Amino acid sequence: MPLVPLPLPDPGSPDLSSPLGFLRWLGRAQRRGQVLATLWSTLELGSMAALPVAIGRGVQAVVDHDTRALLTAGLFALLLAAVQTTMTVLVHRQVVWNWIQAASQVRQLVARQASALGGGLSRRIATGEIVAVSSGDVEKIGWYVELTARLYGAVLAWLGVSTVVLWRQPGLGLAVLLGVPVLAAAVWPLLGPFERRYTEQRALGGKASELAADTVAGLRVLRGIGGEELFLRRYRAASQRVRAAAVRTARTWAVMQAQEVLLPGLFVIGVTWYGARLALDGAIGVGELIAVYGATAFLAAPLRVIGEAAHAWSVARVSAGRAVKVLSLTRDDAPADGVQAEGAAADGAAGAAADGAELVRRASRSDLHDPVSGLTARAGRLTAVVCGDPDAAGELAARLGGWPVLAEGEAAKPSARLGGVALDGVPLATARAAVLVHDKEPVLLSGTLAELLDVPRSGRVDPAEALAAARAQDALEALVDGSPECAGDPMGARITERGRSLSGGQRQRLALARSLVADPPVLVLDEPTSAVDAHTESRIAAGLRELRSGRTTVVFATSPLLLDQADTVLLLQQGRVAASGTHRELMTGEPRYRAVVTRDENEPVAGAGPVARPAADPVGSGLAGGAE
């Protein structure tokens, strides 16, 4: 059995037409492993079924006082035992290999999907659902793939035993041939209720995982407001609902398990009784009766495999359906009727003709335009965008990066264009190399600071410059204090999972430094300083302008400290650009802009939603800002 390094170089392109199609694709993806497992399983069960024949011949040889036949039967039994032992080892190794291969393949597909969709994934699928798919569902799918080969082996062994018994004793053979399918079919009426109950359990489990993930992520805030007990009660109630659903599922499964033991036992008793009658009538010998009994009793093994496969099929189909739901999400959907209008044909031709590397080279000299909002970020300039609705700002930021993920039922919208090229018409890697979107809630991965900042970059900005521009000195000191092993070198200091040992402002500045060191041609920042104090924010704004000089930068913000540094400020109302100018010009002549920035309820705010920032000084004097 060859060892395959994980992760796989390419997990492949799955069949997402249906859960069954997805499971079939997984089976085809490891055809060699399935064939080997089926072969070893057939030989294992075949030698197990033939062993009673050898024993029966030995007993008959004793009855007939035939020493040579007894020796032959003993050697035959020894050979069968050796084959069975060897095949048991081989089949176990192979089916576990199949299980791990399938599980790893599905995990890589889910991880690739999460990476491709980025932060937009959470708009379509709850975080708890993603966790459940990549953990429990992956194991259930792998279990089904592992059982498939053993099921084939069980069926082949049953057909072989039935053929031999049918040849030796037609009556018994017919009973064996027909009895196994009847017993196997007895479990099918329970599969429907079992699958419904498992689906309910799976859905409740996903919600509980989502609640747990949200609680852990907001633990610091919960402790600050004394809300731990409230969320504990909520999670306790959710977990009890999952427990109750699991008990209902287990009851059905217990009945199925009981059937797998009771019905084959009754079948063996019936066949043995019939064989004993034949032996009493002299139709068969004692040794042949033992052989028939052993072969019939052996059929309990295939029946157990068939029952287990039915169970695995039920849970795997539910799990595969949820995996297909996640993997079917696309970067964008086809435009609705009438949406693909101005410049659609030109965009398609330009996107097809544009070379990815050439697009990245031209990105720093190209304007970024969003046809939906009318926003245009001029090349080499710092453009600030003021939007009263944080959700709309996040949606626009994602669209500017060329990877919007639409909510279910939402109509598709034209893509943002960089230098006239539609970003959703180029490979995702190319779009990301040209336009980097810094999310409102960036995640810090565990590891050293050097590993955090080890990202693809132009080389124009070194880590020290990026950290200085992000004003992250206190974050570096906190990392050094928490990592004595780094010997005072902040680049060797370790960052805990999601940076939980740091404050919100420190995490935000390290994430900003990571984006700055990448030095993309176009950088889109969504509220990059919402968790820092006004003094630090003012210094970050100056550092950002200096470091990004000559590069295209778009900042979504409502803080005057950032807005005053921008070359151009755009006001969005109802999803469209309503005004543009400098921060001071708009503060003087645009009441709607002033209302969003100052949060003055007396000013008219047409279509603006709640603002994510506190009140601020209108000319950027540093009177306000989010405190750490």
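These are my notebook entries on what I looked up in this predicted model.

**Entry 1: the whole chain**

I began with the overall counts. The protein chain holds 23 helices and 12 strands. Of its 628 residues, 45% are buried. I then looked at contacts between residues at least 6 apart in sequence, and 77% of them join residues at least 24 apart.

**Entry 2: the cores**

Next I went to the nonpolar cores. The largest has 46 residues, and the ones with the most contacts inside it are Val386, Leu449, Leu467, Leu510, Leu516, Val569 and Tyr593. Helix 19 gives the most to this core, with six residues. Another core, of 37 residues, lies apart from it, and I noted Leu23, Met256, Ala320 and Leu329 among its members.

Which residues does Leu449 touch, leaving aside neighbours within four places in sequence? I found Leu467, Leu476, Leu479, Pro490, Met491, Ala493, Ile495 and Leu510.

**Entry 3: helix 18**

Leu476 and Leu479 from that contact list sent me to helix 18, residues 473–481, where the buried residues are Ala475, Leu476 and Leu479. Looking down the axis of helix 18, I see these buried residues within an arc of 100°, so they line one face of the helix. I reminded myself that an α-helix has 3.6 residues a turn, so residues three or four places apart point the same way.

What do the buried residues of helix 18 pack against? My list has helix 16 (449–452), helix 17 (463–469), strand 8 (494–495) and helix 19 (504–518).

**Entry 4: helix 19 against helix 20**

I stayed with helix 19 and checked its packing with helix 20, residues 534–547. The angle is about 5° and the axes are 12 Å apart. Angles under 35 degrees count as roughly parallel, so helix 19 is roughly parallel to helix 20.

From helix 19, I noted Arg509, Leu512 and Leu516 meeting Thr536, Ile540, Leu544 and Leu547 of helix 20. Sorted by type, the residues of this contact are five nonpolar, one polar and one charged.

**Entry 5: Gln113**

My last stop was Gln113, which I found in helix 3, residues 67–117. Is Gln113 buried or exposed? Its relative accessibility is 11%, and buried means under 20%, so Gln113 counts as buried. Leaving aside neighbours within four places in sequence, I have Gln113 in contact with Val326, Leu327, Ser328 and Leu329. Leu329 had already turned up in my notes, as a member of the core of 37 residues.

Notes: Residues numbered from 1 in each chain as written. Predicted model: local features only at pLDDT ≥ 70, side-chain atom pairs only at ≥ 80, totals over all residues. Heavy atoms only, no water. Buried < 20%, exposed > 50% of the residue type's maximum accessible area, 1.4 Å probe, protein only. Helix = DSSP H or I, 4+ residues; strand = E, 2+ residues; numbered from the N terminus. Arc of directions from axis to C-beta. Contact = heavy atoms within 4.5 Å. Core = buried A, V, L, I, M, F, W, Y, C linked by side-chain atoms within 4.5 Å. Axes fitted to C-alpha atoms, helices over the stretch in contact; angles between N-to-C directions. Parallel < 35°, antiparallel > 145°, perpendicular 65-115°, else oblique. Nonpolar A, V, L, I, M, F, W, Y, C, P; charged D, E, K, R; others polar.
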